[in-house]
Amino acid sequence: MAFEDFQTKESVVVVYTGDGKGKTSASLGLMTRALGNRWRVAFIQFIKYWGVGEHVFIRDIMPVYKDQLYFYKGGKGFYAAGDLTAKQVSDDQHKQAALETYEEALKAATSGEYDLVICDEINNAVHDGLLTLDQLQALLEGHSPKTSLCLTGRDFPLELLDQVDIATEMHKIKHHFDDKFLANKGIDF
């Protein structure tokens, strides 16, 4: 079969999932590629509210890309993550933040204004019960036909796998956190 026999899709759904590091980093690479092709990109961040390198980077490049890049930071921190769970944040506050972030993502994905909408850590929000499986499915089914989606985070629901075009599982072979070393700035966040 020759490349001439292949077709191009108007948009695709990309999933980066798994217990390994690199899901957000991969989505940032996808964002870079899209911006380099003069696409309009919305980067919607679930979960992480604290200052992380990607937030600083995105805010720094926004003036260069003007209306080509939209950034929304939602979430109240880790939820149902043992000792890492955000302190002084109620379950209701976590759920409300996830819902507001979801509504932002849904608006961006259905508007037809963006070529790519990245929903970073949305899989975690669904797995942890902050969002429902039905909400994720509505996003998958309702996005504009010309808008590609990228969904990141652990535990993508496999029952929705038939609705995605590209799925990559990051599998941890080794991570220094397991040896009681904290995340490294510039590498892990």
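Me: Which residues does Arg59 touch, not counting residues up to four places away in sequence?
Reply: This is a predicted model, in which local features need pLDDT of at least 70 and side-chain atom pairs count only at pLDDT 80 or more, while totals for chains, interfaces and linings use all residues. Residues are numbered from 1 along each chain as its sequence is written, and side-chain values use heavy atoms, with hydrogens and water left out. Contact means heavy atoms within 4.5 Å. With residues up to four places away in sequence set aside, Arg59 touches Phe71 and Lys73.

Me: In which element is the place of Arg59?
Reply: Elements are DSSP runs numbered from the N terminus: helices are H or I with at least four residues, and strands are E with at least two. The C-alpha atoms of Arg59 and Phe71 are separated by 7.8 Å, at 12 residues apart along the chain. Arg59 itself belongs to residues 53-65, helix α2.

Me: Does Arg59 count as buried, partly exposed or exposed?
Reply: Buried means under 20% relative accessible area, exposed means over 50%, and partly exposed is in between (1.4 Å probe, protein chains only). Arg59 has 45% relative accessibility, so it counts as partly exposed.

Me: How many residues apart are Phe43 and Phe71, which form a pair?
Reply: Rings of Phe, Tyr and Trp (its six-membered ring) pair if their centres lie within 6.5 Å; planes under 30 degrees apart count as stacked, over 60 as edge-to-face and the rest as tilted. The structure holds two aromatic pairs, and in one of them Phe43 and Phe71 are tilted, at 6.2 Å centre to centre and 45° between the planes. The pair links distant parts of the chain, strand β2 (residues 41-45) for Phe43 and strand β3 (residues 69-73) for Phe71, and the separation is 28 residues.

Me: Are Phe43 and Phe71 buried or exposed?
Reply: Phe71 is included in a separate, second core of 17 residues, along with Leu28, Ile61 and Leu69. A nonpolar core is a set of buried Ala, Val, Leu, Ile, Met, Phe, Trp, Tyr and Cys residues joined through side-chain atoms within 4.5 Å. Both Phe43 and Phe71 are buried.

Me: Why is the pair of Tyr70 and Tyr114 tilted?
Reply: The pair links distant parts of the chain, with Tyr70 in strand β3 and Tyr114 in the loop between α3 (91-111) and β4 (116-120), 44 residues apart. Tyr70 is partly exposed at a relative accessible area of 25%, whereas Tyr114 counts as buried at 10%. The ring centres of Tyr70 and Tyr114 are 6.3 Å apart, and the pair is tilted because the planes are at 35°.

Me: Which residue lies over the face of Tyr114?
Reply: A charge sits over a ring if NZ of Lys or CZ of Arg is within 6 Å of the ring centre and within 35 degrees of the ring normal. At 4.9 Å from the ring centre of Tyr114, the residue over the face is Arg40.

Me: Which element gives the most to the largest nonpolar core?
Reply: Of the 27 residues in this core, Phe46, Val117, Ile122, Leu139 and Leu151 touch the most other members. Two or more residues come from each of β1 (13-17), β2, α3, β4, α4 (122-127), α5 (133-142) and β5 (148-152). With five residues, the element that gives the most is α3.

Me: What is the relative accessible area of Ser27?
Reply: Ser27 is found in helix α1. Leaving aside neighbours within four places in sequence, Ser27 is in contact with Tyr16, Phe43, Ile118, Asp120, Cys150 and Thr152. Ser27 is buried, and its relative accessible area is 0%.

Me: Is Lys66 buried or exposed?
Reply: Lys66 has its place in the loop between α2 and β3. Its phi is near 45°, a positive value in a residue other than glycine. At 61% relative accessibility, Lys66 counts as exposed.
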